[in-house]
Amino acid sequence: MKKRIVFPLPVVVEGKYDKMKLTEVIDGHIITTDGFGIFNKKEKLSLIKRLAERGVVLLCDSDGAGGVIRRHIMSAVPKDKIYNLYIPKIEGKERRKKDPSREGTLGVEGMNADLLYKMFFELSVRLGIDTENGEMGEAVGKKSVTKADFYEDGLTGRDNSAASRDALAAYFSLPSGMTPSALLGAINILVDYDGYKAAVAEVFDK
């Protein structure tokens, strides 16, 4: 298996098994819709809209349900910020499932990792993304925020860390209740290290 692609844009997939499959191919921020759950989770759609400032990749299953989910997201995000990737329709079922899908085709989780790698590599080339470090346009030379920064700033490891994360999330117009990893990934998409530190100073030094 090739080295994973460092991918700077958020990628939306349907479920946790799709996400697990995709982590074999890319190192990046992957958001799940929880299937049709996204229709009842305004916070999740709000998060996708917020993170789509530089662009968002939609990688839904190539069946009817996947099409409905894709169109729902596309109705909420500016079209010029969306990069659609489509997996081929291949008959079969995933190993973990007892029965095949209604249309009898494989989903993202059932795709060959090399195929997914090729899709993201080609998209990276088209967008001018360095697959080794994820640098893209204005993000060249960008210093990332780390888990160590979160700890140093009290966003993890303290009794009030959850409340602090919510305060920082509100500053960036992100949903409350985000896990440390989810918030970290979101911030690294929205701003660089200096932008993060400026936000921390403004939120917590008041």
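## A loop residue as a starting point

S173 sits in the loop that runs between helix 6 and helix 7 of what is a predicted model. With a relative accessible area of 48%, S173 counts as partly exposed, because that value falls between the limits of 20% and 50%. The backbone of S173 has a phi near 60 degrees, a positive value in a residue that is not glycine. Most residues other than glycine have a negative phi.

A second residue with a positive phi is D34, where the angle is near 55 degrees and the residue is again not a glycine. D34 belongs to the loop between strand 4 (30-32) and helix 2, and with a relative accessible area of 38% it is partly exposed.

## The overall fold

The protein contains eight helices and six strands, and along the sequence these elements follow the pattern β-β-α-β-β-α-β-α-β-α-α-α-α-α. The C-alpha trace spans about 55 × 35 × 30 Å along its principal axes. A compact globule of 206 residues would have a radius of gyration near 17 Å, and the 18 Å of this protein agrees with that expectation.

Of the 206 residues, 49% count as buried. Among contacts between residues at least 6 apart in sequence, 61% join residues at least 24 apart.

## Helix 8 and its buried side

Helix 8 has twelve residues and reaches 16 Å from its first C-alpha to its last, which is close to the 16 Å expected at 1.5 Å a residue. Which residues of helix 8 are buried? They are Y193, Y196, A199 and V200, and because they cover an arc of only 125 degrees around the axis, they lie on the same side of the helix. An α-helix has 3.6 residues a turn, so residues three or four places apart point the same way.

The buried residues of helix 8 are covered by elements that include helix 5 (147-152), helix 6 and helix 7. At the start of helix 8, a side-chain oxygen of D192 comes to within 3.3 Å of the backbone nitrogen of D194.

S164 is placed in helix 6 and is buried, because its relative accessible area of 11% is under 20%. Leaving aside neighbours within four places in sequence, S164 is in contact with G154, L155 and F204.

T156 is found in the loop between helix 5 and helix 6, and with a relative accessible area of 17% this residue is buried as well. Not counting residues up to four places away in sequence, T156 touches K147, F150, Y151, S161, R165 and P180. A polar atom of the side chain of T156 lies 3.5 Å from the backbone nitrogen of Y151. T156 and I69, which are 87 residues apart in sequence, are 33 Å apart in space from C-alpha to C-alpha.

## The loop between strand 6 and helix 4

The loop between strand 6 (82-84) and helix 4 (113-127) holds G92, and K98 is found in that loop too. Is K98 buried or exposed? At 75% relative accessibility K98 counts as exposed, because the value is over 50%, whereas G92, with a relative accessible area of 28%, is partly exposed.

For K98 and L45, which are 53 residues apart in sequence, the separation in space is 31 Å from C-alpha to C-alpha.

How values were computed. Residues are numbered from 1 along each chain as its sequence is written. This is a predicted model: local features need pLDDT of at least 70, side-chain atom pairs count only at pLDDT 80 or more; totals for chains, interfaces and linings use all residues. Side-chain values use heavy atoms; hydrogens and water are left out. Helices (H or I, at least four residues) and strands (E, at least two) are DSSP runs, numbered from the N terminus. Buried means under 20% relative accessible area, exposed over 50%, partly exposed in between (1.4 Å probe, protein chains only). The expected span of a helix is 1.5 Å times one less than its number of residues. The arc is that of the directions from the helix axis to the C-beta atoms. Contact means heavy atoms within 4.5 Å. A polar contact is a pair of N or O atoms within 3.5 Å; within protein, one must be able to donate a hydrogen and the other to accept it, and residues adjacent in sequence count only if both atoms are side-chain atoms. The radius of gyration is taken over C-alpha atoms; the globule rule is 2.2 Å times the number of residues to the power 0.38.
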